[in-house]
Amino acid sequence: MAATTRISIPEATGSDLASRSFLAHQPEALAAFNHLYGVLWSRGVVDQATKEVARLRNARVTGCGICRNLRFSGARQEGLTEERVELIRDGYEETDLPDRHKVVLRYTDAFLMAPGIPGEALRAELAAHFSPEQIVELTAAIGLFLGFSKIALALGNIPDGLPVMVVPTPAP
Amino acid sequence: MSWVAPRATFEEAFGLRPELYGAWRRFHDLFGQRRLVPPIILELCRLRVAQQLGCRGELARRTREALQEGLTEAKIAALSRFETSPQFDAAERACLRFASKWVFDVHEIRDDEAAALVAVLGEPGTVALAEALALFDGFCRFRLMLGIGEDGPDPASGRGV
């Protein structure tokens with residue numbers, strides 16, 4: 001993992017974290033990504049707390065320091081407190097997390113560690129909690145979370161020890 | 001065949017969330033249309049990611065930009081031997097080395113490997129390739145999780161097989 005950035009950071013062009021990172025080397029792509037991420041978070045059919053559970057699980061499993069310490073305000077407002085976030089760890093099956101979030105954690109782990117059609121039991125659990133449209137959105141969300149964690153890991157990660165930062169939920 | 005949307009292609013399955021799919025498509029298509037990464041390198045990296053994940057749907061696709069630039073099936077057939085095959089030059093090897101570690105060993109990318117990539121693509125090109133790899137990896141997995149197989153022709157820029 002890169003302990004410091006491997007790519008220079010251009011002069012700041014925006015106020016959000018991404019615009020003040022090496023991603024600003026590709027402004028058109030950054031704008032398109034920010035729009036995509038905003039649609040995902042603010043115009044979604046899956047509640048923000050559920051997507052945040054998947055995002056934070058990905059952050060823990062992939063070991064992305066910046067992703068692990070970010071919180072989106074909308075998810076917090078929906079009840080995903082720090083106490084709940086602490087439960088998104090290995091051993092989450094034994095915690096008091098709601099069943100809906102445990103199903104998302106199982107699905108996220110499968111996506112990250114052994115991608116393929118989930119087994120019958122997990123498919124049934126997903127269908128009990130989510131519509132097909134929601135499953136598609138959730139799957140796309142995990143794909144984006146993983147991909148952008150890896151960008152941070154490959155090109156310049158922010159080291160451990162950062163404080164938790166609550167930032168506005170992305171919007172298009 | 002997708003278990004979420006039986007008989008759906010990638011576009012049809014993702015299209016269950018049309019606004020999200022449209023925004024994803026605009027982001028995804030930039031890399032080829034704007035040539036943010038040389039088309040043959042971009043295509044080889046996409047196929048290398050698909051190869052590592054065993055994603056037949058992506059392996060069966062070719063992008064028009066890469067074919068127009070002269071990418072051959074012989075070269076694609078040698079992809080798993082990119083380190084030693086004479087089909088590949090040093091620049092392509094540097095990019096494929098990076099793409100190969102991306103899928104399962106992203107923590108193992110070394111400083112010298114990242115520097116070699118920057119020497120080939122420059123900093124903007126390296127950022128673009130990383131963003132493209134993020135999409136290739138994430139959405140090969142999307143296909144695999146939802147059980148989406150091979151599609152027809154790519155609606156934006158390629159051909160299906």
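1. In this predicted model, the buried residues of α1(A) are A:Ala29, A:Leu30, A:Ala32, A:Phe33, A:Asn34, A:Leu36, A:Tyr37, A:Val39, A:Leu40 and A:Trp41. Within chain A these buried residues pack against α2 (48–62), β1 (70–72) and α8, and from chain B they meet α2 (18–33) and α8 (111–146). The helix α1(A) itself has 16 residues and reaches 22 Å from its first C-alpha to its last, which is close to the 22 Å expected at 1.5 Å a residue.

2. The contact between the chains takes 42 residues from chain A and 41 residues from chain B. On the side of chain A that touches chain B, α1 (27–42) and α8 (132–155) each supply at least two residues, and the largest share, 17 residues, comes from α8(A). Sorted by class, that side of chain A has 26 nonpolar, nine polar and seven charged residues.

3. Also in chain A, helix α6 (residues 99–113) and helix α7 (residues 120–129) pack at an angle of about 135°, with their axes 10 Å apart, and this angle makes α6(A) oblique to α7(A). The crossing in which α6(A) passes α7(A) is left-handed. From α6(A), the residues A:Arg100, A:Val103, A:Arg106, A:Tyr107 and A:Ala110 meet A:Leu122, A:Glu125, A:Leu126 and A:His129 of α7(A). By class, this contact has five nonpolar, one polar and three charged residues.

4. In chain B, helix α3 (residues 39–53) and helix α7 (residues 90–104) pack at an angle of about 35°, with their axes 9 Å apart, and α3(B) passes α7(B) in a right-handed crossing. The residues of α3(B) that take part are B:Ile41, B:Leu44, B:Cys45, B:Arg48, B:Val49, B:Gln52 and B:Leu53, and they meet a set of α7(B) residues including B:Cys95, B:Leu96, B:Ala99, B:Trp102 and B:Phe104. By class, the contact of α3(B) with α7(B) has eleven nonpolar, two polar and two charged residues.

5. A last point concerns B:Ile76, which lies in helix α6 (residues 73–77) of chain B. Is B:Ile76 buried or partly exposed? B:Ile76 counts as partly exposed because it has 18 C-beta neighbours inside 10 Å, whereas a residue is called buried if 20 or more other C-beta atoms lie within 10 Å of its own. The C-alpha atom of B:Ile76 is separated by 24 Å from that of B:Ala114, and the two residues are 38 residues apart along the chain.

Technical notes: Residues are numbered from 1 along each chain as its sequence is written. Chains are lettered from A and ligands numbered from 1 in the order in which they are written. This is a predicted model: local features need pLDDT of at least 70, side-chain atom pairs count only at pLDDT 80 or more; totals for chains, interfaces and linings use all residues. Axes are lines fitted to C-alpha atoms, for helices over the stretch in contact, and angles run from 0 to 180 degrees between N-to-C directions. Helices (H or I, at least four residues) and strands (E, at least two) are DSSP runs, numbered from the N terminus. Angles under 35 degrees count as roughly parallel, over 145 as roughly antiparallel, 65 to 115 as roughly perpendicular and the rest as oblique. A crossing is left-handed if the near helix is turned anticlockwise from the far one by less than a right angle, and right-handed if clockwise. Two residues are in contact if their C-beta atoms, placed from the backbone, lie within 7 Å. Ala, Val, Leu, Ile, Met, Phe, Trp, Tyr, Cys and Pro count as nonpolar, Asp, Glu, Lys and Arg as charged, and the others, Gly among them, as polar. A residue is buried if 20 or more other C-beta atoms lie within 10 Å of its own, exposed if 12 or fewer, and partly exposed in between; C-beta atoms are placed from the backbone. The expected span of a helix is 1.5 Å times one less than its number of residues.
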